[in-house]
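Colleague: I have a few questions about the fold and its open spaces. Please show me the model, then we can go through them.

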Amino acid sequence: ACRQGARRIMINNITIPASSTEKVQIGSYGKLYDDLGNVVYPLRQGDGGIGTCILAGVEGKFSCTQTSSTSTDIIYFFKRNADGEKVIINRPTPLIGTWSIERKNDIQVIFIGQNGGYTNIDDLVRQQRLMIEHSNNDKYIILGLTSGSATERAELEQRMIREYGRRYINLREYISTYGMEDAELEPTETDLAEMAEGKVPTSLRFDTVHGNHYFYEIIGKLTYSRLIELGDVEEAK
């Protein structure tokens with residue numbers, strides 16, 4: 001949500017140097033917060049659209065150093081793009097990714113929730129709503145989680161349907177029911193057992209959670225079809 005722009009990473013108590021050759025440390029592991037007071041860990045697996053940003057009116061690069069994507073030695077930096085006057089930041093100031101401005105009015109495909117970051121379903125819905133409101137249009141898709149069984153995900157999925165109707169796609173249900181057919185694969189006994197519980201079958205997964213190339217192709221085509229159905233895009237000729 002911080003990358004998308006609905007929330008903001010807040011920076012305080014630093015001085016942006018006048019020189020574009022110098023970078024300033026703006027955070028470290030467990031010490032970078034958003035505007036809701038949550039600890040955030042951006043850039044761990046790539047910039048995700050927030051690498052180029054604006055801080056206190058200064059355009060620059062948001063970067064980090066780390067031993068690995070899970071290490072605790074990560075340090076965050078900001079380096080301005082061009083020389084200018086030094087800027088003292090002595091109160092919470094948002095770090096704004098330029099992507100969140102340039103792509104604000106685009107169709108939003110929101111696929112969040114698998115890795116936590118919310119305390120309960122109400123909190124997840126609140127975050128999704130913040131992202132929808134930030135986009136400033138009513139063209140969006142909420143992609144459902146793909147892990148778990150029909151029983152395990154029943155409460156969450158029923159809430160998503162009530163909140164978003166056809167703008168919600170129940171990926172777990174669709175892929176567990178039609179995924180093998182869409183991928184033109186013959187299900188194994190393990191696949192069939194998992195499908196009977198409403199789980200995404202092993203043949204469509206890379207590991208216990210992430211999908212393989214069949215899985216993501218199914219999601220891409222399904223999302224495209226739903227956007228056409230909703231009138232958000234026209235079918236390519």
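Colleague: In which loop is the place of Asn-136?

Modeller: First, the ground rules: this is a predicted model, where local features need pLDDT of at least 70, side-chain atom pairs count only at pLDDT 80 or more, and totals for chains, interfaces and linings use all residues. Residues are numbered from 1 along each chain as its sequence is written, and side-chain values use heavy atoms, with hydrogens and water left out. Helices (H or I, at least four residues) and strands (E, at least two) are DSSP runs, numbered from the N terminus. On that basis, Asn-136 sits in the loop between helix 2 (121-135) and strand 11 (140-143).

Colleague: Is Asn-136 buried or exposed?

Modeller: The cut-offs are under 20% relative accessible area for buried, over 50% for exposed, and partly exposed in between (1.4 Å probe, protein chains only). Asn-136 has a relative accessibility of 56%, so the residue counts as exposed.

Colleague: What is phi of Leu-43, and is Leu-43 buried or exposed?

Modeller: Leu-43 lies in the loop between strand 4 (33-34) and strand 5 (52-55). Its phi is positive although the residue is not glycine, near 70 degrees. Its relative accessible area is 10%, so Leu-43 is buried.

Colleague: How many Å apart in space are Arg-44 and Ser-69?

Modeller: Arg-44 is in the loop between strand 4 and strand 5. At 12% relative accessibility, Arg-44 is buried. Arg-44 and Ser-69 are 25 residues apart in sequence; C-alpha to C-alpha, the spacing is 5.0 Å.

Colleague: Which helix gives the largest share of the lining of the largest pocket?

Modeller: A pocket is found on a 1 Å grid over the protein atoms alone, as an open set with protein on both sides within 12 Å along at least five of seven lines; lining residues have an atom within 4 Å of a point. The largest pocket has 48 lining residues, with Ala-1, Arg-3, Phe-111, Ile-112 and Asn-115 nearest its centre. Strand 10 (108-110), helix 2 and helix 6 (213-229) each give two or more residues to that lining. The largest share, five residues, comes from helix 2.

Colleague: What volume does the largest pocket have?

Modeller: Grid points are joined across faces, edges and corners, and a volume is the space filled by probe spheres set on the points. By that count, the largest pocket has about 1,800 Å³.

Colleague: Which helix gives the largest share of the lining of the second largest pocket?

Modeller: The second largest pocket is lined by 14 residues, and nearest its centre are Arg-166, Tyr-168, Asn-170, Glu-173 and Arg-226. Helix 3 (150-164), strand 12 (168-169), helix 4 (171-182) and helix 6 each supply at least two of the lining residues. Five residues, the largest share, come from helix 4.

Colleague: How are helix 4 and helix 6 set to each other?

Modeller: Axes are lines fitted to C-alpha atoms, for helices over the stretch in contact, with angles from 0 to 180 degrees between N-to-C directions. The axes of helix 4 and helix 6 come within 10 Å and cross at roughly 110 degrees. Angles under 35 degrees count as roughly parallel, over 145 as roughly antiparallel, 65 to 115 as roughly perpendicular and the rest as oblique. Helix 4 and helix 6 are therefore roughly perpendicular.

Methods: On a 1 Å grid over the protein atoms alone, a cavity is a set of points where a 1.4 Å probe fits but cannot get out, and a pocket is an open set with protein on both sides within 12 Å along at least five of seven lines; lining residues have an atom within 4 Å of a point.
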